[in-house]
Amino acid sequence: MTDTAALLTEPSTTALPSQVLPELKDIIKAAARMKDVVRRTPLQLSQYLSQRYNANILLKREDLQPVRSFKLRGAYNRIVQLTAAERARGIVCASAGNHSQGVAYSCQALGIKGTVFMPANSPQLKINKVRQFGGNKIDVVLVGNTFDEACQAAVEFQRNTGACFIHPFDDAEVISGQGTLALEILQDAPASVDLVLTPVGGGGLAAGIGTVFQARSPKTRVIGVEPEHAAALQNSLAHGANQSLASIDPFVDGASTLRVGELGYVICSRTLDSVVAVPDRLTCQALIDLYQEQAIVAELSGSLGIAALELLKEEIEGKTVVCILSGGNNDFSRFGEILQRANTSTSTTNTDYPEESAA
Ligand SMILES: Cc1ncc(COP(=O)(O)O)c(C=O)c1O
């Protein structure tokens with residue numbers, strides 16, 4: 001199970017029904033707050049994808065953030081606004097993924113003590129990255145063998161210490177932080193944007209982007225992209241209410257959630273044009289293509305928007321499309337599994353990736 005999936009089994013500590021939905025002005029303020037810490041990432045024309053799809057395909061390179069994902073934006077925007085008293089009590093989060101790296105980096109930048117709960121069996125690489133970014137400001141607590149267990153321990157820690165819980169997506173300030181990348185897209189795009197393809201996990205990123213485009217560029221269609229076996233938002237929209245999935249395949253970690261956030265659900269239902277669910281085969285092929293053709297290291301959730309181009313190829317012809325390349329923390333040890341899923345027999349493309357290169 002992914003970090004975000006697990007968090008959704010716990011009641012959100014911050015997403016109270018009374019929480020005000022973020023507006024464009026909140027996102028503009030967030031951008032000003034983070035300008036010295038968060039990188040203004042490039043919006044790059046992909047010659048390869050543009051030729052392949054006969055369209056202008058631009059990549060928003062969030063893999064180039066210091067923590068190699070957009071997650072720094074939301075975590076920093078939330079943490080930087082804590083009061084002196086809240087800062088003194090410290091912060092806590094539970095995650096083995098990109099959120100914990102964003103939190104660790106923010107704690108170091110702001111000189112705030114934080115505790116990150118991670119399952120004991122988390123990949124050593126991710127544990128090391130959190131320690132590296134957090135330095136002496138972060139305590140990593142390895143607990144249990146699942147994210148649920150780590151999350152329960154984090155909630156208990158919060159109750160005992162009064163530390164501030166930083167939710168990865170169901171929080172207005174986190175959503176505002178994520179939305180700042182959409183402001184950059186609007187400033188940097190060479191032409192008006194017809195379509196934005198954004199990954200959806202807990203819905204924080206998509207909610208932030210949807211809010212900005214609805215206010216500033218309402219003709220742009222914003223499309224959420226979920227993994228086929230964890231399409232929580234698509235399922236909830238079909239039922240007209242936010243719902244938990246019975247189970248998910250956590251393969252596309254980061255974007256595999258049982259239930260999207262309550263705020264994210266409301267905002268996405270108002271601001272997204274549609275949501276597509278992408279088969280793992282296409283996501284794996286997109287990740288491999290980014291590596292082979294464009295020397296870009298993306299992670300699976302970061303590849304979802306590019307994978308969706310294949311599903312939408314007829315409608316994107318001649319259009320300007322922005323794909324949010326949301327993260328690049330791919331563990332090299334996953335390549336074998338990714339190669340295998342890219343080559344599944346249900347493949348409808350002629351792409352044939354050599355099995356031996358997995359070794
Ligand atoms: C690289 C990457 N992309 C997309 C997402 C999904 O973001 P959200 O949970 O805000 O929908 C995540 C979440 O962890 C992520 O790490």
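User: How many bridges join strand S1 to S2, and do the two run parallel or antiparallel?

Analyst: In this predicted model, S1 (residues 43-45) and S2 are joined by three bridges and run antiparallel.

User: Which way does S2 run relative to strand S10, and how many bridges join them?

Analyst: S2 and S10 (residues 320-325) run parallel, with six bridges between them. Ile 57 has Val 321 as its bridge partner in S10.

User: How should I read the two faces of S2: which residues lie on each side, and are they buried or exposed?

Analyst: In a regular strand, side chains alternate between the two faces of the sheet. In S2, Asn 56, Leu 58 and Lys 60 lie on one side, and Ile 57, Leu 59 and Arg 61 on the other. Both faces are covered, as these residues are all buried. Six of the six residues in S2 (residues 56-61) are thus counted as buried.

User: Which residues touch the most other members of the largest nonpolar core?

Analyst: In soluble globular proteins, nonpolar side chains tend to be buried together. Here the largest nonpolar core has 100 residues, and Ile 91, Val 196, Leu 197, Ile 223 and Cys 323 touch the most other members. Domain 1 (24-69 + 171-346 + 354-358) and domain 2 (91-162) both contribute residues, so this core lies between them.

User: What is Ile 223 in contact with, beyond its neighbours within four places in sequence?

Analyst: Its contacts include Leu 195, Val 196 and Leu 197, the run from Leu 272 to Val 276, and Ala 308.

User: Where is Gly 224, and is it buried or exposed?

Analyst: Gly 224 is in strand S8 (residues 221-227). The cut-off for buried is 20 or more other C-beta atoms within 10 Å; Gly 224 has 32, so it is buried. Leaving aside neighbours within four places in sequence, the contacts of Gly 224 include Thr 198, Val 200, Ala 206 and Cys 268. The C-alpha atoms of Gly 224 and Gly 203 are 8.7 Å apart, although 21 residues separate the two along the chain.

User: Which residues are closest to the ligand, and how many surround it?

Analyst: The ligand is surrounded by 23 residues, the closest being Gly 201, Gly 204, Gly 254, Ser 326 and Gly 327. By class, the shell has 15 polar, six nonpolar and two charged residues.

User: Which helices and domains supply the shell around the ligand?

Analyst: Helices H6 (98-110), H10 (204-216) and H14 (300-311) each supply at least two residues. H10 gives the largest share, three residues. Domain 1 and domain 2 each provide at least three residues of the shell.

Definitions and conventions. Residues numbered from 1 in each chain as written. Predicted model: local features only at pLDDT ≥ 70, side-chain atom pairs only at ≥ 80, totals over all residues. Core = buried A, V, L, I, M, F, W, Y, C linked by C-beta atoms within 7 Å. Buried ≥ 20, exposed ≤ 12 C-beta atoms within 10 Å, placed from the backbone. Domains from an automatic or database assignment. Contact = placed C-beta atoms within 7 Å. Helix = DSSP H or I, 4+ residues; strand = E, 2+ residues; numbered from the N terminus. Pairing = 2+ DSSP bridges. Near = placed C-beta within 6 Å. Nonpolar A, V, L, I, M, F, W, Y, C, P; charged D, E, K, R; others polar.
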